[in-house]
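Student: Could you take me through one part of this model closely, namely the salt bridges and the burial of the residues that form them?

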Amino acid sequence: MRVLLAAGCSVAVLAALPAQAQTSATEIGEVIVTAQKKAEAINDVPLALTAVSGEKLGAILSSGGDIRVLSARVPSLTLESSFGRVFPRPYIRGLGNTDFDINASQPVSFIYDEVVLENPLLKSFPLFDIDRVEVLRGPQGTLFGRNTPAGVLKFESAKPTNSFEGYGRASYATFSTVNLEGAVSGPIIADVLSGRLSGLYQRRSDWVDNTRGGDKNDAEGYDQMALRGQLLYTPNAQFSALLNLHYQHLDGTPRIFRANIIQRGTNNFVPGFKRDVISHDAQSRAIQKIESSGANLKLTYDFGEGLPELTSITAYERFDAYSRTDVDGGFGASFAPPFGPGFIPFPSESADAVPFHGQWTQEIRLAGDNGPLGYTLGVYYFNESIKIDSYSFNTLAGGAIDGFSYQNQKTESWAVFANLDYDVSDQLKLAGGVRFSDDNKDFLAQRTRSPFGAPNTPILRTSPDSSDLSFNVSATYAASDSLNAYARVARGYRAPSIQGRVVFGDGLSVAGKETVMSYEAGFKGKLPELRARFDAAVFYYRANDLQITAVGGGANFNRLLNADKATGYGFEFNAEAEPVDRLLLTAGLSYNHTEINDSGLFTQPCGAGCTVRDPVGPIAGTVRIDGNSLPNAPRWIASVTAGYSWPVGEGSVFVFSDWAYRSKVNFFLYESAEFNDAKLLEGGLRVGYRAPDEAWEVAAFGRNITNDRSLEGGIDFNNLTGFVNDPRTLGVEVKAKF
């Protein structure tokens, strides 16, 4: 009841504030989304949903940021990565996966131009020429399938147009950060064939000094480019074909791990910590490369008025990658001095490579309306193959290979689904859907060389399979022309997961399928007199057999577990408003309480001598984690933006600021004094001039303008190692459109 009251109070207090989507820089307009695979006004969709577009999206991407810039800028959403610009780990309502293995499965799915990006490295495709981002919270299994029990991040790129148009933007910022983006779109054959070509180039110079090697500006740089070409064929009013080809290449350095930067007994940085200084003995060999490409073809045929529309989406995605890093975060070892910073019990340098990955997907669906009845019926097929090579290196011997293992995994999945909605009256709409999914994995792994002198493993095999029935039921009631109330019950499903990075271990671990039951209620409305739109929701979920990852502990590998249950509850709020001319405000707020419920669950805590706060487990060296919150699950997330413009001649001067806050997060399943972060608060600012008709603009900008310094994660098997957020960047940007 306290949660319900809190949500109600938030709406009352913040009704003149705002959500996260805007259609232009100057006015509040209708936001159209495709969260249910059809175009609808955002306030008519019966689920918790946020859309990000326009000036806000442009601002947070202005300094070359990757997908993680969305973290805490949407209610109940965080993202982090121990890889850097690749392998994002998303969390919605506290549900996510801390696993760093390349074949890790995640309960938050990425859908890019209606194609699922299953592997975490596929999810690294950069954001450019984006029409909008939609964040769907809660299980989305009926329409989006497996591995969506927490929600979906949905990305829609701008499409080809029948009129000639385009834009370009260029920025230069701190650390010689360059961000170039542009697109050109228009007809090739009038009213029959149109095209759009989009491109992105991002570069940052190394800016972290390595004192051990005597090298200045030795780490954290990158060079990334991406292209997307689209052709839209519309020979008549009934048929269309949209071809999408895309490519990206990244050449950079991996995430920097920093040894012993956490003060023992606290989560504070050690005295004298500097974000731009490291002391690594393996940094000269650190490298990160990824190349990915894909193609998809969307065919649509409309059978005519009163008849359904048939859609087919065929897609192929592939990538290859290599990432090598200094995991211990320092130099030397206790048995091979000198060593530091702090105590380094043993060195750790490792790499993962993906020489092959390929993903095929096919979806066919039939959708339409028959009077008060709307329907979407479909079938889906998924096929993925991946090969992963894992290496260990002897840092003290100049980085020679001393360990190797490989993994091969093939996944095949199919599903059938149906989603219906029915207008009972002008005010009441009922909806429901169901999806049957079947999943099969064939996995093998082997260690052929051990860094510890252990014997080679035999070929280790496992073939988990599962099936599940996902569903959703909802009701929407139009209390007035400007206020809708809704309630939704949904069940989501995550297929079994496999952990087989055996270069440091001897066996496989398999987590069985996970299911989530979610209950949600909320309302969405407009306040025309205040030129405002808002939505609020309360929710409760129960996860059964929750897949969790015991990361690190005493060794550099993961172990998968199934927790008997986990629960979460909270509220979310969005709003946007233009209370006076040329003043645009947005706000988002969420509260999430998560808890592991499994009295028999225990795990190994840090091997770094941290201060563990959990009770002792049944086996020596373990602790119980029943009652702990989920990793990387902050109680509070809040975001605000404000933009104002002043007419100057026929143009305008503008200022725009955005702020994101998240409260305390715990990095691992166990709780310790060290491996958590108290809070993160980052702000951005843009000030500039916009020409008449927004033909061009020039602006100065800053990201993380207060230079907030926060831990974003830790490495716990060796020492008190952490990784941190980016420092303040300042820059200038020019933008033009035609």
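Tutor: Asp439 is buried, with a relative accessible area of 3%, where buried means under 20% relative accessible area, exposed over 50% and partly exposed in between, computed with a 1.4 Å probe on protein chains only. This is a predicted model, in which local features need pLDDT of at least 70 and side-chain atom pairs count only at pLDDT 80 or more, while totals for chains, interfaces and linings use all residues. Residues are numbered from 1 along each chain as its sequence is written, and side-chain values use heavy atoms, with hydrogens and water left out.

The side chain of Asp439 meets that of Arg146 in a salt bridge at 2.4 Å, N to O, the term standing for a side-chain nitrogen of Lys or Arg within 4 Å of a carboxyl oxygen of Asp or Glu. This pair links distant parts of the chain, since Asp439 belongs to strand 25 (residues 428-449) and Arg146 to the loop between helix 3 and strand 9, 293 residues apart; helices (H or I, at least four residues) and strands (E, at least two) are DSSP runs numbered from the N terminus. Arg146, at 8% relative accessibility, also counts as buried.

Arg146 forms a salt bridge with Glu118 as well, at 3.2 Å from N to O. Glu118 lies in the loop between strand 7 and strand 8 (130-137), so this pair ties together parts that are 28 residues apart in sequence. Both Arg146 and Glu118 are buried.

Across the whole structure, a search finds 48 salt bridges.
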